[in-house]
Amino acid sequence: EKDPWERQYSKTQYNYQHPQYPENLPVQTAGLMDFLSMEKCPSKDEIDRILSNDHDVLREDLQNVILCELGKYHNSGNDLEWSPILAHAILLLGECGNNNSLEVVLEVLRQDSKFNDFVFADFGDDIFIPVLTKLAHNQMPVLLDFMKEKGLFFVFKSFVPASVAGIFITHPEKREEVIGWYRNLLQFYVEKITESYDYCDSGLLGLLMCDILEIHAKELIPIVQKVYETDEVDYDFCGDFNEFCKQMEEESAPLPSEATDIYEEFEKFHETYD
């Protein structure tokens, strides 16, 4: 038999059919596009100045900008130049967005690996995890439905359970709901991955194991064992089941913490990007 640590794992085949995105929508907030296009990290005063605008108008503008940026990407071929517009818009939306804003962010996460490589490279987690943690702490069923969609890129999908781990840490009163969320998702994946890789693949399962370790969710060990028994968990993330259990025993439970603020999020993004 082959060494299980050297297996070649199958990947989910991306097959999302995106809608027709707009390319030009009006922006009402003065100076917004100049702010979103800034190459350098905006100062606290510059961020405060944008956030001082009416949040209903600003939220609508940001959502329109995000959808238009998706439209530009899909309609421009190879002529599009990278800019921080999408990253900045999503970070701002995490500060002023409402329940309806979550769907716009999830639409970005329905894009493919080429889109990720071009727009977010290796700093997508700095953008999506804090924003989803803010927007979705009262909408976790929406996140669960998203995770059960088929044919999506596993890295973008992985930001969702990572944000649920963030909700666990910043809202400790939601522990039972978060544990139930992971249990529901893992049971769904156990049933699906034995049939196909449409809903998840080995990489996504490996990253999920990391999230469960992060929140020290010992209650999930029985369902985690069932996941490992499918032989589809990529060991490169948390090792095999024995190693997973060893890490669970060695790590201590996370302490409650405050969510990061908007200024820290901009700084972290630009530290990586710059």
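# Salt bridges, contacts and burial in a predicted model

R175 is partly exposed, with a relative accessible area of 32% (buried means under 20%, exposed over 50% and partly exposed in between, with a 1.4 Å probe and protein chains only). The model is predicted: local features need pLDDT of at least 70, side-chain atom pairs count only at pLDDT 80 or more, and totals for chains, interfaces and linings use all residues. Residues are numbered from 1 along each chain as its sequence is written, and side-chain values use heavy atoms, with hydrogens and water left out. The count of salt bridges comes to 14 (a side-chain nitrogen of Lys or Arg within 4 Å of a carboxyl oxygen of Asp or Glu).

- R175 pairs with E219 in a salt bridge, at 2.6 Å from N to O. This pair links distant parts of the chain, 44 residues apart: R175 belongs to helix α10, and E219 to the loop between α11 (202–214) and α12 (221–229) (helices are DSSP runs of H or I, at least four residues, numbered from the N terminus).
- E219 is partly exposed, at 34% relative accessibility.
- K218 and E249 form another salt bridge, in which the closest N and O atoms are 3.7 Å apart. Here too distant parts of the chain are linked, 31 residues apart, with K218 in the loop between α11 and α12 and E249 in helix α14 (residues 241–250).
- K218 counts as partly exposed at 38% relative accessibility, whereas E249 counts as exposed at 56%.

- R110 and E149 meet through their side chains in a salt bridge of 2.8 Å, N to O. R110 sits in the loop between α5 and α6 (113–119) and E149 in the loop between α8 (140–147) and α9 (154–170), so the pair ties together parts that are 39 residues apart in sequence.
- R110 is buried, with a relative accessible area of 6%, while E149 is partly exposed at 23%.
- The pair belongs to a network of salt bridges that links E103, E107, R110 and E149.

**Polar contacts of buried residues**

- S101 is part of helix α5 (residues 101–108) and is buried, with a relative accessible area of 0%. Its side chain is joined to that of Q63 by a polar contact of 2.6 Å (a pair of N or O atoms within 3.5 Å; within protein, one must be able to donate a hydrogen and the other to accept it, and residues adjacent in sequence count only if both atoms are side-chain atoms).
- K134, in helix α7 (residues 124–135), counts as buried at 19% relative accessibility. The side chain of K134 makes a polar contact of 3.1 Å with the side chain of E265.

- Y182 is found in helix α10 (residues 175–193) and is buried, with a relative accessible area of 0%.
- Between Y182 and I223 there are 41 residues of separation in sequence and 9.5 Å in space, C-alpha to C-alpha.

**Negative surface patch**

- D261, E264, E267 and E271 gather on the surface in a patch of negative charge (patch residues have over 30% relative accessible area and no salt bridge, with like charges joined within 9 Å).
- E267 lies in helix α15 (residues 262–273) and is partly exposed, with a relative accessible area of 45%.

Definitions and conventions:
Patches are made of residues with over 30% relative accessible area and no salt bridge: like charges are joined within 9 Å, nonpolar side chains (Val, Leu, Ile, Met, Phe, Trp, Tyr) within 5 Å. Accessible areas come from the Shrake-Rupley method with a 1.4 Å probe; for residues, only the protein chains shown count as cover. Lys and Arg count as positive and Asp and Glu as negative; His and the chain ends are not counted. The place of a charge is taken as NZ of Lys, CZ of Arg, CG of Asp or CD of Glu. Helices (H or I, at least four residues) and strands (E, at least two) are DSSP runs, numbered from the N terminus.
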